[in-house]
Amino acid sequence: YRLGGDGQTSYRIAGGGSRTVVIRYQPLGDGSGSSATLNITYDDGNDATQPVLAVPMAPEGTALPAVLNVEPAQVVLDDVMLGETREFEITLTNSGGAPLDISRIGLSGDGDPAVPTDPEFTLIAGGDALMLAPAASHTVRLSLARDADDMIVHVGALVIESNAASSPDVILFTSNPPREE
């Protein structure tokens, strides 16, 4: 695989816009190396993260594996006031060519590849095991409940186990205490 066209690798695309990128494929003599992943790093307006969209590539007629993409890649809830509960969503999308078999969607705990989730975070909906067809999405809804006198930093993570090569996938979330005025 190699980048075709003008060779430019960095683009600025307006909201709602698109850009065609030409990728050229030439198989090796022994037929090996027939699949690859195009990683697209983009700016989502959050300086703390640089999300990457992984696009699997394979020659025509070759089955592509399941690929899990998560949006947002990280959640920062710095505006949750004392005594307030805030809900937030994480969207899971299968950008691959095969069904994505998700066996677990849950808050991190002991033994997981992330810090255990503080009890102030709750998984509200979308935490069941499921099968996502190619191009299908699933929304997971969570919340953070901050007590009236709660002035500490809260951390947590959503752990997703699946048949994707990236599994287990971990989405971190944090909440700093509100600023005193």
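Select arginine 104 to begin: its relative accessibility is 24%, so this residue counts as partly exposed (buried means under 20% relative accessible area, exposed over 50% and partly exposed in between, with a 1.4 Å probe and protein chains only). The model is a predicted one, in which local features need pLDDT of at least 70 and side-chain atom pairs count only at pLDDT 80 or more, while totals for chains, interfaces and linings use all residues. Residues are numbered from 1 along each chain as its sequence is written, and side-chain values use heavy atoms, with hydrogens and water left out.

Glutamate 161 is partly exposed, at a relative accessible area of 29%.

The whole structure holds four salt bridges. For another of them, select glutamate 84 and arginine 86, whose side chains meet at 3.2 Å, N to O. Glutamate 84 is partly exposed at 24%, and arginine 86 is partly exposed at 22%. Then move to aspartate 150 and arginine 146, a salt bridge at 3.3 Å, N to O; both of these residues are buried.

Now display phenylalanine 88, phenylalanine 121 and phenylalanine 173, which form one aromatic cluster (rings of Phe, Tyr and Trp, the last by its six-membered ring, pair if their centres lie within 6.5 Å; planes under 30 degrees apart count as stacked, over 60 as edge-to-face and the rest as tilted). The count of aromatic pairs comes to three. The rings of phenylalanine 88 and phenylalanine 121 have centres 6.4 Å apart and planes at 85 degrees, so this pair is edge-to-face. Phenylalanine 88 lies in strand S7 and phenylalanine 121 in strand S9. Phenylalanine 88 and phenylalanine 173 are also edge-to-face, with centres 5.4 Å apart and planes at 65 degrees. Phenylalanine 173 is buried, at 0% relative accessibility.

Finally, select the largest nonpolar core, which has 23 residues (a set of buried Ala, Val, Leu, Ile, Met, Phe, Trp, Tyr and Cys residues joined through side-chain atoms within 4.5 Å). Phe88 and Ile102 are among those with the most contacts inside this core.

Methods:
Helix = DSSP H or I, 4+ residues; strand = E, 2+ residues; numbered from the N terminus.
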